[in-house]
Amino acid sequence: NLFICAGMLLWMRTPNELIGVLAHETGHISGAHLTRGSFGAKKAMIPMLASMLLGLGAMAAGAGDIGMVLMGLGQAVAEAQFMTFTRVQESSADQIAAKLLLATRQSPKGLVDTFRRFAQADAMRASYNRPDRFASSHPVGQDRVFDLLQTLESSPYRDVQDSPQSMHTFQMVQAKLAGFVLPVKDALIRFPVSDTSARARYARSFVYMRQPDFKKALAEISSLIQEEPNNPYFYEVRGQIQVNGTALHQGDAA
């Protein structure tokens, strides 16, 4: 099973980025990484248990400080070994994702762009808190991007673009999600009144319904219905606004 967080959907910029991430996660499933993860954890337990026994022996012999050092060292070795195991799995999932995108004639550019942005975020964090690359569960950002860039350059589908329809659908999904789950203030910053695009009006119809300001909500969704009179999702939203508005008025009357 793949579980996609709302924050990830709102953070992405194109359908191809989402497709790339889905290909990567499918790579984990294809490689049976979840099953193999338990094997990696058990293997990493060996040095930790060995050092624990040595540490307890040293402490029993009166060398308490040495015993504590031995126990801590074993834990560090176990963690590093398990992180190495997971980094290999992540790299493997990247490779499988590239093969899946190639087989389905899709560009790996979205996957590259996603991990490039991750790498940029890692670089910003590293500027004030330098991470230990060997204590990371994922490949180091720029190294990973370099490997994926080679995949991008070798793909015959590297220049394949998202269709206008898929981009429109993706943006409308993001707008609906933002209108429902983001705090009202944040949603209006992302889709200000000055933005008269279809996705912005769609998002604001949900935001205004939540405020609640049903008059503004109806105005936004009605403008979309005029432009796309055969879009069932717009009528669904208008129905929600009307039902919620009626319920609120009945509650006030009671």
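**Figure 1. Arg201 and its salt bridge to Glu227.** Arg201 counts as buried, at 11% relative accessibility. Buried means under 20% relative accessible area, exposed means over 50%, and partly exposed lies in between (1.4 Å probe, protein chains only). The side chains of Arg201 and Glu227 meet in a salt bridge, at 3.0 Å from N to O. A salt bridge is a side-chain nitrogen of Lys or Arg within 4 Å of a carboxyl oxygen of Asp or Glu. This pair links distant parts of the chain, 26 residues apart: Arg201 is in helix H9, and Glu227 is in helix H10 (residues 214–227). Helices (H or I, at least four residues) and strands (E, at least two) are DSSP runs, numbered from the N terminus.

The model is predicted: local features need pLDDT of at least 70, side-chain atom pairs count only at pLDDT 80 or more, and totals for chains, interfaces and linings use all residues. Residues are numbered from 1 along each chain as its sequence is written, and side-chain values use heavy atoms, with hydrogens and water left out.

**Figure 2. A salt bridge between Glu236 and Lys176.** The N to O distance is 3.6 Å. Glu236 lies in helix H11 and Lys176 in helix H7, so the pair ties together parts that are 60 residues apart in sequence. Glu236 is partly exposed, with a relative accessible area of 40%. Lys176 is partly exposed too, at 23%.

Figure 3. Lys109 forms a salt bridge with Asp113. Their closest N and O atoms are 2.7 Å apart. Lys109 is partly exposed, with a relative accessible area of 37%. Asp113 is buried, at 17%. Lys109, Asp113 and Arg116 are linked in a network of salt bridges. The count for the model comes to 6 salt bridges.

**Figure 4. An aromatic cluster of Phe180, Tyr202, Phe206 and Phe234.** Rings of Phe, Tyr and Trp (its six-membered ring) pair if their centres lie within 6.5 Å; planes under 30 degrees apart count as stacked, over 60 as edge-to-face and the rest as tilted. By this rule there are 5 aromatic pairs. The rings of Phe180 and Phe206 have centres 4.6 Å apart and planes at 40 degrees, so this pair is tilted. Phe180 is in helix H7 (residues 164–181) and Phe206 in helix H9 (residues 198–210), 26 residues apart. Phe180 is partly exposed, at 38% relative accessible area. Phe206 is buried, at 0%. The rings of Tyr202 and Phe234 have centres 5.3 Å apart and planes at 65 degrees, so this pair is edge-to-face. Tyr202 lies in helix H9 and Phe234 in helix H11 (residues 232–253), so the pair ties together parts that are 32 residues apart in sequence. Both Tyr202 and Phe234 are buried.

**Figure 5. Arg117 over the face of Trp11.** Arg117 lies at 3.7 Å from the ring centre. A charge sits over a ring if NZ of Lys or CZ of Arg is within 6 Å of the ring centre and within 35 degrees of the ring normal.

**Figure 6. The protein chain, with 11 helices and 0 strands.** Of its 254 residues, 33% count as buried. Among contacts (heavy atoms within 4.5 Å) between residues at least 6 apart in sequence, 69% join residues at least 24 apart.
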